[in-house]
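Please examine the sequence and the three-dimensional structure shown below. The paragraphs that follow lead through the helices, the contacts between side chains and the surface.

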Amino acid sequence: MGRVRGHAYEERLTLWQAVSMDQAIARAEGEARTYARENGHRYLELAQCYRLATAGRPDDGDEVFSLLRDSSLDEEAYLDRYFDTGHEHQGSTAEG
């Protein structure tokens, strides 16, 4: 599928060491504003925080983000709606 007319929206996951979730959000928002300004984008004023359930540094296989969403969609429709619309700017693996 080709590009659609409109806007490209970038979602980013960043990792912050902070003493609280409020501090992590504040640091992320500051960085997001700088990143957007330096790259000719606009920060849409949405930052979410996820506390890692690890002790110390993240390690191989540690979960760094989780979002639960209730939906009446079946599996295929859910993936098509939120993750595989055909308009993503992404590469593919050697397998496909």
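Helices are DSSP runs of H or I with at least four residues, strands are runs of E with at least two, and both are numbered from the N terminus. The structure is a predicted model, in which local features need pLDDT of at least 70 and side-chain atom pairs count only at pLDDT 80 or more, while totals for chains, interfaces and linings use all residues. Residues are numbered from 1 along each chain as its sequence is written, and side-chain values use heavy atoms, with hydrogens and water left out.

Helix α2 covers residues 75–82. Within α2 lie both Tyr78 and Tyr82, four residues apart, which is about one turn of the helix. Rings of Phe, Tyr and Trp (its six-membered ring) pair if their centres lie within 6.5 Å; planes under 30 degrees apart count as stacked, over 60 as edge-to-face and the rest as tilted. By this rule, the structure holds three aromatic pairs. In one of them, the ring centres of Tyr78 and Tyr82 are 5.0 Å apart and the planes stand at 50°, so the pair is tilted. Tyr78 also forms a tilted pair with Phe83, at 6.1 Å centre to centre and with 50° between the planes. Tyr78, Tyr82 and Phe83 form one aromatic cluster.

With a relative accessible area of 34%, Tyr82 is partly exposed. The segment after α2 contains Gly86, which is partly exposed at a relative accessible area of 25%.

The next element to consider is helix α1. It comprises residues 21–38, 18 residues in number, and reaches 26 Å from its first C-alpha to its last. This is close to the 26 Å expected at 1.5 Å a residue, where the expected span is 1.5 Å times one less than the number of residues. Which residues of α1 are buried? They are Ala24, Ile25, Ala28, Ala32 and Ala36. Seen down the axis of α1, the buried residues fall within an arc of 95°, so they line one face of the helix; the arc is that of the directions from the helix axis to the C-beta atoms. On the other side of α1, Asp22, Arg37 and Glu38 are exposed.

Met21 is found in helix α1 and is partly exposed, with a relative accessible area of 45%. Met21 and Arg51 are 30 residues apart in sequence, and their C-alpha atoms are 7.4 Å apart in space. Just after α1, Gly40 takes a positive phi of about 70°. Gly40 and Gly86 are 46 residues apart in sequence and 24 Å apart in space, C-alpha to C-alpha.

A salt bridge is a side-chain nitrogen of Lys or Arg within 4 Å of a carboxyl oxygen of Asp or Glu. By this rule the count comes to two salt bridges. Arg12 and Glu31 meet in a salt bridge at 3.0 Å, N to O. This pair links distant parts of the chain, with Arg12 in the segment before α1 and Glu31 in helix α1, 19 residues apart. Arg12 is partly exposed, with a relative accessible area of 34%, and Glu31 is partly exposed at 24%.

Glu45 forms a salt bridge with Arg33, the closest N and O atoms being 2.7 Å apart. Glu45 lies in the loop between α1 and α2 and Arg33 in helix α1, so the pair ties together parts that are 12 residues apart in sequence. Glu45 counts as partly exposed at 49% relative accessibility, and Arg33 is partly exposed with a relative accessible area of 36%. Glu45 has a positive phi of about 65°, although it is not a glycine.

Finally, attention turns to the surface. Leu13 is found in the segment before α1 and counts as exposed at 64% relative accessibility.

Technical notes. Buried < 20%, exposed > 50% of the residue type's maximum accessible area, 1.4 Å probe, protein only.
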